[in-house]
Amino acid sequence: MVDLTALLTDLAAESEQLDAIVAPLPPPDWGRPTPAAGWTISHQIAHLAWTDQVANLAATDAGAFYASISSTPEVSRLVDAGAEAFLAPPAALLGRWRTGRSTLAASLAAVATGEKLPWYGTRMSPASMATARIMETWAHGEDVADALGVSRPATARLRHIAYLGFRTFGHGFAAHGRAVPTTPVQIELAAPTGDGEIWAFGPPDATDRVVGPARDFCLLVTQRRHRADLALVATGPVADEWLDVAQVFAGPPGAGRAPRSAAASGDDRATGDDSIRTPT
């Protein structure tokens, strides 16, 4: 059984790591553009704060959650509108995000055992919701780190994202309008612990496999890097195709990122959009 308390502890740690990066920034730096077209660092944090609030509604008041969707003039702008609505001066925005994520954690911990929460096009357990929040916090934190030119240490929390990436195998194909393969794929990921630990998901006798660093796989399924920039090796046609369509987030396919060689040559696809336009 999934330990919700452990997941919420990891969610708090992931949020605190990003918080430590943005909290010391002078106000002008909050306006820096990130790799997501049209979004600044402020937009990234505002998006996380907005999503925490919506997730809290899902955990505490299903009617208010559904009302928040129906009150949006354009569903296609749901995520953009949410981030824009939460924009504020840095100090206020930081406080809003901190309060919101703390409130959400308490709400998820209080959900009755076995209850499913409403979400965009699906229903989720509190554990699944916490895992999704870890994924989004890490992914948007990657955008912030890219904007600032800083590196973040990879942690064992990536296991949650890697597993979610594996579980959404079929969704990636379906989102791209492709038939979901019946051929199983196993992934073998080198954990960031540096002690030789391998995270393996899928049948061990699968002939189609994906092997590589766990962080690279997480960057792929969150569409923060193009597969050409990652040390992932696919064996078998299904595994190879998966690396082209993988996405851990819900909804239609994101535009993804162009190879970094394209960014260096001025190809504007390198800053293309991704999961921030699609609720997770």
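Author: Helices H2 and H5 pass each other in a left-handed crossing (the near helix is turned anticlockwise from the far one by less than a right angle; clockwise would be right-handed). Helices (H or I, at least four residues) and strands (E, at least two) are DSSP runs, numbered from the N terminus. The model is predicted, so local features need pLDDT of at least 70 and side-chain atom pairs count only at pLDDT 80 or more, while totals for chains, interfaces and linings use all residues. Residues are numbered from 1 along each chain as its sequence is written, and side-chain values use heavy atoms, leaving out hydrogens and water.

H2 covers residues 41–60 and H5 covers residues 90–110; their axes come within 9 Å and cross at roughly 30° (lines fitted to C-alpha atoms, for helices over the stretch in contact, with angles from 0 to 180 degrees between N-to-C directions). H2 and H5 are therefore roughly parallel to each other (angles under 35 degrees; over 145 is roughly antiparallel, 65 to 115 roughly perpendicular and the rest oblique). On the H2 side, the residues that meet H5 include Ile 45, Ala 46, Leu 48, Ala 49 and Asp 52 (contact means heavy atoms within 4.5 Å). Among their partners in H5 are Leu 93, Trp 97, Gly 100, Arg 101 and Leu 104. By class, the contact of H2 with H5 has 10 nonpolar, six polar and two charged residues (Ala, Val, Leu, Ile, Met, Phe, Trp, Tyr, Cys and Pro are nonpolar, Asp, Glu, Lys and Arg charged, the others, Gly among them, polar).

A second pair is H7 (residues 158–167) and H9 (residues 214–221), with axes that come within 9 Å and cross at roughly 55°. H7 and H9 are therefore oblique to each other, and this crossing is left-handed. Leu 158, Ile 161, Ala 162, Gly 165 and Phe 166 of H7 meet Arg 215, Phe 217, Cys 218 and Val 221 of H9. Seven residues of this contact are nonpolar, one is polar and one is charged. An α-helix has 3.6 residues a turn, so residues three or four places apart point the same way.

H9 also contains Leu 220, which is buried at a relative accessible area of 4% (buried is under 20%, exposed over 50%, partly exposed in between, with a 1.4 Å probe and protein chains only). Beyond its neighbours within four places in sequence, Leu 220 is in contact with Arg 225, Arg 227, Leu 230, Leu 232, Leu 243 and Ala 246. In H10 (residues 237–245), the buried residues include Val 238, Ala 239, Trp 242, Leu 243 and Val 245. H7 and H9 are among the elements that cover the buried residues of H10, as are helix H8 and strands S3, S5 and S6.

The loop between H9 and S6 holds Gln 223. Its relative accessible area is 8%, so Gln 223 is buried. Gln 223 has a phi near 55°, a positive value in a residue other than glycine.

Elsewhere, Asp 80 lies in helix H4 (residues 78–86) and is buried at 15% relative accessible area. Its side chain makes a polar contact of 3.1 Å with the side chain of Trp 39 (a pair of N or O atoms within 3.5 Å; within protein, one must be able to donate a hydrogen and the other to accept it, and residues adjacent in sequence count only if both atoms are side-chain atoms).
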